[in-house]
Amino acid sequence: MAKLSGIRPERSQREGAQNDPRLDWWREAKFGLFIHWGLYAIPAGVWQGKEVPGIGEWIMLHARIPVREYEQLAAQFSPTRYDAREWVALAKAAGQKYIVITSKHHEGFCLFDSRVTDYDVMGASPFGRDILAELADECARQGIRLGFYYSQTQDWHHPDGDGNDWDYDESQKDFAGYIEDYVKPQVTELLTNYGPVALIWFDTPKGMTEEQSRSLLELVHTLQPDCLVCGRVGNALGDYASAGDNMIPDVQMQVDFETPATINDTWGFKWYDENWKSVPDLVHKLVDIVSKGGNYLLNVGPTAEGAIPQASVDRLLAMGRWLDVNGEAIYGTRPGPVQGQEGYRSTRKGNVVYLHVLEWPHDGRIAVRGVSERVRAAAVLGAPQAGALACHQEGDALTILGPGAAPDPVATVIALSLAE
Ligand code: FHN
């Protein structure tokens, strides 16, 4: 088993966190909703009439937009369609167990009421509603955990934040001062004003020193001991490891990890990005990640008006329908014994191994290796009428005789009950 495949060492899990019970809910959850929302949803991938290549939330950097020009967008930020109740209900219907929203992305604009800056939704936009407060209330009401993404290193608006070299002279920046006097007070606000926070999703640690990463970790744990810190706090200090964007490790991992992923090709809304992943592709990615011991944090990028694009909604709801039938093979499972076999994945809970058949064989003959315990019965999840499937086992080689066509065209799960 590879230890760090697909995960940069500095974004790995800190020692001791693997057995930490504070992660229990997160290990059970498997599937979360990521929300990237900020001023970048207004230009939506276009600046001065030109389509700007790259991910939508990076438009300020990619088009080298001066701070004084970019910050004017705040005056247009009035997302009248924002309805926290709808967003939370969508995540729940999708089978997602936690939500992570950008409180401040690299552009620097804050979606929450911050005393440390006026460049926030209350001080700089006509909207005048604390987006995070509404979401936190709704998450509490509907019973789903909420975490905050916070860009601790890059801040293209703040003169001492990392990344903006078109307005500011990099050599004059006081990055350490920015961490102490801006990042820490804001993280404190996030952990003080919004009730219990499930996790803080730091990002792009870049040049953070070990001491800086550690002090953020400690700050979070001091303010809310149960709040988790994502591996992108840097210096291998996260409570769980963070895989690269859209990266799924090749093999089963020994660390707790999460793959953040786009549903099309952008995180922040870009009106012309129509490269939507298909529902089978998204479900297969979820299964693949879970079978290797990870969580899938799937992103949506709401529009400037506050609507989650319909294409995202449709896909999430379809995933939820698949999970309604097959959720027991996902939530609370650990990686199963069938690993590294094209077209198959496996998860396990107690005495049941769930065999996920991603590509149904034409003759219905399913042959896998790795199940060395005796299989007592095999049945397709959600299809009790299909009854028990015939199985033959020799050593760890298992053959199951299934129907000629896939019982579920998205992905079929066969539950293998093992002898006690
Ligand atoms: O630069 C960001 C990017 O905009 C996005 O937020 C992703 C999400 O994982 N994180 C960074 C790149 O890895």
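Visitor: Hi! Which residue is the bridge partner of S346 in β13?

Guide: Hello! The bridge partner of S346 in that strand is L355. Before we go on, this is a predicted model, where local features need pLDDT of at least 70 and side-chain atom pairs count only at pLDDT 80 or more, while totals for chains, interfaces and linings use all residues. Residues are numbered from 1 along each chain as its sequence is written, and side-chain values use heavy atoms, with hydrogens and water left out.

Visitor: Okay, and which residues make up strand β13?

Guide: Strand β13 covers residues 352–357. The labels come from DSSP runs numbered from the N terminus: helices are H or I runs of at least four residues, and strands are E runs of at least two.

Visitor: How many bridges join β12 to β13?

Guide: Six bridges join them, and the two strands run antiparallel. Strand β12 is residues 344–349.

Visitor: What is the order of strands in the open sheet?

Guide: The sheet has five strands in the order β11-β12-β13-β18-β15, with antiparallel pairing. Two strands pair if DSSP finds at least two bridges between them. The edge strands are β11 (334–335) and β15 (375–380), and each of these pairs on one side only.

Visitor: Is β13 mostly covered or mostly open?

Guide: Mostly covered: five of the six residues in β13 are buried. Buried means under 20% relative accessible area, exposed means over 50%, and partly exposed is in between (1.4 Å probe, protein chains only).

Visitor: New topic. Where does H106 lie?

Guide: H106 lies in the loop between β4 (98–104) and α5.

Visitor: Is H106 buried or exposed?

Guide: H106 is buried, because its relative accessible area is 1%.

Visitor: And which residues is H106 in contact with?

Guide: Leaving aside neighbours within four places in sequence, H106 is in contact with W58, Y149, S151, Q154, D155, W156, D203 and T204. Contact means heavy atoms within 4.5 Å.

Visitor: Which side chain makes a polar contact with the side chain of H106?

Guide: The side chain of S151 does, at 2.8 Å. A polar contact is a pair of N or O atoms within 3.5 Å; within protein, one must be able to donate a hydrogen and the other to accept it, and residues adjacent in sequence count only if both atoms are side-chain atoms.

Visitor: How many Å separate the C-alpha atoms of H106 and P43?

Guide: They are separated by 16 Å, and the two residues are 63 residues apart along the chain.

Visitor: Who is T204 in contact with?

Guide: Setting aside neighbours within four places in sequence, the residues in contact with T204 are R11, H106, T153, Q154 and R232. The side chains of T204 and Q154 are also joined by a polar contact of 3.2 Å.

Visitor: Now K206: where does K206 lie?

Guide: K206 also has its place in the loop between β6 and α7. K206 counts as exposed because its relative accessibility is 52%. Although K206 is not a glycine, its phi is positive, about 45 degrees.

Visitor: One more! What is the phi of N246 near?

Guide: The phi of N246 is near 60 degrees, a positive value in a residue other than glycine. N246 lies in the loop between β8 (241–242) and β9.

Visitor: And why is N246 called partly exposed?

Guide: Because its relative accessible area is 36%, N246 is partly exposed.
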